[in-house]
Amino acid sequence: MLLAGEGLAAESKKSPYGMVPYGHPVFHNGVRVLWHGAWRGSQGKVVRQYARATALAPATTAAIPAVQPPAPKEFSVLADPGDVRASRMAKDFAAVMSVSGAPGHAIVGATSPDGLGKVLKTDLADFAVVSLDSLVSGAKGDPEWIKRVPYVARLTPEALEVIAPREIKSINGLQGKMVSFGDLDSATSTSGRMLFSRLGVTPNQTNAPLPEALDALAAGKVDAVVVLGAEGAPVLDDFGGDGRFHIVPIPWSATLEPVYAPAHVTAAERPNLVGATTPVETVAEPMALVALDAPQGSQRADALGRLARIFLDNYDGFLGDDRDAHWRDVNLAAEASWPGQPWPRLAAAQDWLDAKKTSADASLDAFRASAKSAAGSPNWPNAGDSDRLYDGLTRWRGLMQ
C-alpha cells in the first residue's frame, strides 16, 4: 500500500488538466486507471471556477503565420548539344521561367528517339526542345510514345543545310556518297536521315560532331555534312573561306509539304557558302517544346501543366532583345499535326489557349476583303499573298494579347 501510495502521488503530479488521481488502485478491464474526471468530488467546483475565470479573462489574439505553399520543384529542359538554336532557346526557357517564379535549368543531351527514350527512363528532364522528326521516329516503335510526349508549343522550323563541294550540284549527286549526319544520337542524325529517305537518296552514312565532320569534309574524307539549327555556330562561320564548298540546294516540292516548311539560306548567314545575290533553297525541320513522360491524366502531366501555364502567362518575357529572335516568330496556337496522326498538346496548354480565344475582329476582316479586292491590280500582291499577310497579322495580334 505504501508503494501504491507513492506511485499514485508521483502520478498525481503529472495529472492531465481537469483530471484527478484516484486515491486507491482502480482497474477497468484489466487495465489500471489512474485518473477520473474533476466533476467527481469537491474538486469539481475548483475546476468549474477555473473554467469560468478563464472565460472571463480578456482574450489575446496571437498572430498565426500564413501557410506558405511549397516551393516548386526545380525543372530541367533538354536540348541537343549540336543544335545551337535549340540550346539557346532551352536556356531562354529556363531563364524566363526562373524569373517568373518557377526555377529551372537547361541541360544538353541526345534528343534522338533513343536519347529521349533514355531520358524518359531516368527522369533526367521535364521538357525538351526537339525536332518533330525525332518524335515521329520514336512513335513508330512504340504506339504509346505519342501520348507520353505531348507538346506545349510548336516552335519555328529550323533550316536543314547540306554542305558539299561545289562539284555536287544537287542532293541526287550524293547518292552512294559518304555523308556525315552529326553525332549518332543527335537530332541532326535523325532529321537528316529521314530527309534523305523522303528525297529518295541513299548515301553512305557516317557520324561525327560538326567540327570533326567539317575537318573531314575539307580533307576530302567525306562528301557532305548535314547541319541542323547551327545558326551562329562559330565553327561554320569560319568554314569555306577558300571557296571550295557551298550549300546544296533542296528545291521545294509538293512531296515535302506535309512535313517540312520551305526555307532559304542567304549570304548574310553563310557568306563563305552562299553567293552574294542568290539565296539557296532548302527545307526547314519542324520543332516543338514538349513535356516528357506526361500522358494525359497523370500526376506528372498536372505538375508540368502548371509550369506550362507559367510559360504561357509570361510569354512576353521571351520577346526581348536579349532572347533568341525565333521566339518572336512562334505561333502559340499552331498545331503539331503530322501526316496520318495529330500530335497531342499538353492538356493544360490547350486549356490555356481555349480560354484565350477571341471572337473574329471586324477590322481584320475588312482588311482582308480590301486586300483581296485590290489583288487584281498589277501593283498589288495576289490573293494568296494577301491571305498570308492576313494570317501573319492575325498571328502577331494573338501573340500580343
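This is a predicted model: local features need pLDDT of at least 70, side-chain atom pairs count only at pLDDT 80 or more; totals for chains, interfaces and linings use all residues.
Residues are numbered from 1 along each chain as its sequence is written, and side-chain values use heavy atoms, with hydrogens and water left out.

Now for the overall build. The chain has 13 helices and 12 strands; these are DSSP runs numbered from the N terminus, with helices being H or I of at least four residues and strands E of at least two. Of its 401 residues, 42% are buried (under 20% relative accessible area, with exposed over 50% and partly exposed in between; 1.4 Å probe, protein chains only). Among contacts with a separation of 6 or more, 72% join residues 24 or more positions apart, a contact being heavy atoms within 4.5 Å.

Moving inside, we reach the largest nonpolar core, which has 36 residues. Such a core is a set of buried Ala, Val, Leu, Ile, Met, Phe, Trp, Tyr and Cys residues joined through side-chain atoms within 4.5 Å. Val77, Phe93, Phe127, Val152, Leu289 and Phe311 touch the most other members. Elements that give two or more residues include strand 3 (75–79), strand 5 (127–131), strand 12 (280–291) and helix 10 (299–313), but helix 3 gives the most, with 7 residues. Take Val77 as a guide: leaving aside residues up to four places away in sequence, Val77 touches Ala90, Phe93, Phe127 and Leu289, among others. Apart from this core lies another, of 21 residues, including Ala164, Ile168, Val179 and Ala187.

Phe75, Phe93, Phe127, Phe311, Tyr315, Phe318 and Trp327 form one aromatic cluster, and the count comes to 13 aromatic pairs. Rings of Phe, Tyr and Trp (its six-membered ring) pair if their centres lie within 6.5 Å; planes under 30 degrees apart count as stacked, over 60 as edge-to-face and the rest as tilted.

Finally, consider the backbone. Most residues other than glycine have a negative phi. Asp123, in the loop between helix 4 (113–122) and strand 5, has a positive phi of about 55°. Asp293 also has a positive phi, near 55°, and lies in the loop between strand 12 and helix 10. Asp293 counts as partly exposed because its relative accessibility is 25%.
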